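Let's walk through some charged pairs and a helix contact in this structure. Have the 3D view open and follow along.

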Amino acid sequence: MSIVNEPLFDRLLALSPFSARELGVLIATAPHRYKNHYIEKRNGRGKRLISQPTAELKFLQRLIVKHEMSSLPIHDAATAYRSQRSIKEHALPHARARYLLKLDFRDFFPSLKATALRHRLLLDANYTEPELWMLCQILFRKAGRHTDLQLSIGAPSSPHISNYLMWEFDKKLAQFCELLGAEYTRYADDIAVSTSFPHLLDAVEAEIRRLLGELDYLGLSLNEGKTVNVSTKSRRTLVGLVLANDGTVSIGREEKRRLRATMHRLVQGLLAGEEVARLRGQLAFVYSIDRAFVDSLCARHGFTSVGSIGQPTSD
């Protein structure tokens with residue numbers, strides 16, 4: 001199959017520093033250009049495989065997202081990996097509801113295959129068959145000789161592609177929840193649905209399972225061990241945030257206590273350089289969730305902002 005005369009190849013060639021031959025070789029070998037390493041999962045639940053593309057492939061993947069995929073539909077219910085949005089937007093819509101359902105997809109990125117992208121693009125775009133092949137080569141990883149091309153945890157394009165592939169699921173579930181008077185948001189592989197009507201969430205869970213069967217091109221299944229159905233009588237959390245019964249979200253008392261203690265150690269001169277940098281990063285994240293807490297903590301210890309923490313003071 002010749003790809004050098006395809007419009008997509010010409011567009012990528014014009015935007016990249018590669019020669020036509022170099023670009024052709026890169027596309028042909030792209031699914032194998034990954035380096036694997038493992039990181040510990042939260043709470044000691046094993047290790048997660050991270051597959052990092054080579055620098056050349058990352059460059060090409062970012063080009064694809066920016067110049068080819070940026071206009072493709074992503075539903076408002078998808079709150080992860082989007083500019084000006086954070087986990088707060090995932091959690092806040094559920095804070096005032098009495099009942100909360102949390103579900104989790106098993107092996108989210110690796111379960112999303114190149115066949116799913118091809119299925120969606122045939123509906124939403126006008127790529128030729130060779131162009132579809134190129135996109136799948138560039139954006140998906142070959143995990144083994146007998147495996148399908150799959151999204152990689154570690155590729156810069158995977159977050160955007162996953163949100164796009166989930167568009168039909170998000171749309172149909174959001175419409176179903178709206179009819180029932182429920183709120184739905186999704187943060188990557190984490191689903192959250194809430195309502196103040198009793199027993200309604202059982203119907204929502206059944207609909208989610210039905211949708212996964214109907215939209216089988218996604219190849220997704222639920223992680224049964226992580227399904228949670230709670231009410232305001234219990235402590236409710238979403239992606240590490242605490243849902244308060246007054247309709248607000250918080251990082252929680254324990255995390256605030258830990259940050260206060262760490263700040264105290266800082267002003268006592270007991271934090272190493274890397275610990276200071278880590279504290280700044282943590283507070284910068286918390287600032288997007290609870291600005292008042294961070295401002296108060298900084299002011300109490302004589303800092304004007306998160307960025308000034310640990311910096312030398314002028315005489």
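Glu 205 is buried, with a relative accessible area of 16% (buried means under 20% relative accessible area, exposed over 50%, and partly exposed in between, using a 1.4 Å probe and protein chains only). Its salt-bridge partner is Arg 209, with the closest N and O atoms 2.9 Å apart; a salt bridge here is a side-chain nitrogen of Lys or Arg within 4 Å of a carboxyl oxygen of Asp or Glu. Arg 209 has 35% relative accessibility, so it counts as partly exposed. Both sit in helix 10 (residues 200-214), and because they are four residues apart, about one helical turn separates them. Helices (H or I, at least four residues) and strands (E, at least two) are DSSP runs, numbered from the N terminus.

A word on what you're looking at: this is a predicted model, where local features need pLDDT of at least 70 and side-chain atom pairs count only at pLDDT 80 or more, while totals for chains, interfaces and linings use all residues. Residues are numbered from 1 along each chain as its sequence is written, and side-chain values use heavy atoms, with hydrogens and water left out.

Now go to helix 6 (residues 114-124), where Asp 124 and Arg 120 are four residues apart and so about one helical turn from each other. Their side chains meet in a salt bridge, 3.2 Å from N to O. Arg 120 is buried at 3% relative accessibility, whereas Asp 124 is partly exposed at 31%. This pair also belongs to a network of salt bridges that links Arg 120, Asp 124, Glu 168, Lys 172, Glu 207, Arg 210 and Glu 214.

What about Asp 170 and Arg 186: how far apart are their closest N and O atoms? They are 2.8 Å apart, in another salt bridge. This one links distant parts of the chain, with Asp 170 in helix 9 (residues 167-180) and Arg 186 in strand 6 (residues 183-187), 16 residues apart. Asp 170 and Arg 186 are both buried. In total, the structure holds 15 salt bridges.

Finally, look at helix 1 (residues 7-15) and helix 7 (residues 129-139), which pack at an angle of about 45 degrees with their axes 8 Å apart. Axes are lines fitted to C-alpha atoms, for helices over the stretch in contact, and angles run from 0 to 180 degrees between N-to-C directions. That angle makes helix 1 oblique to helix 7; under 35 degrees counts as roughly parallel, over 145 as roughly antiparallel, 65 to 115 as roughly perpendicular and the rest as oblique.
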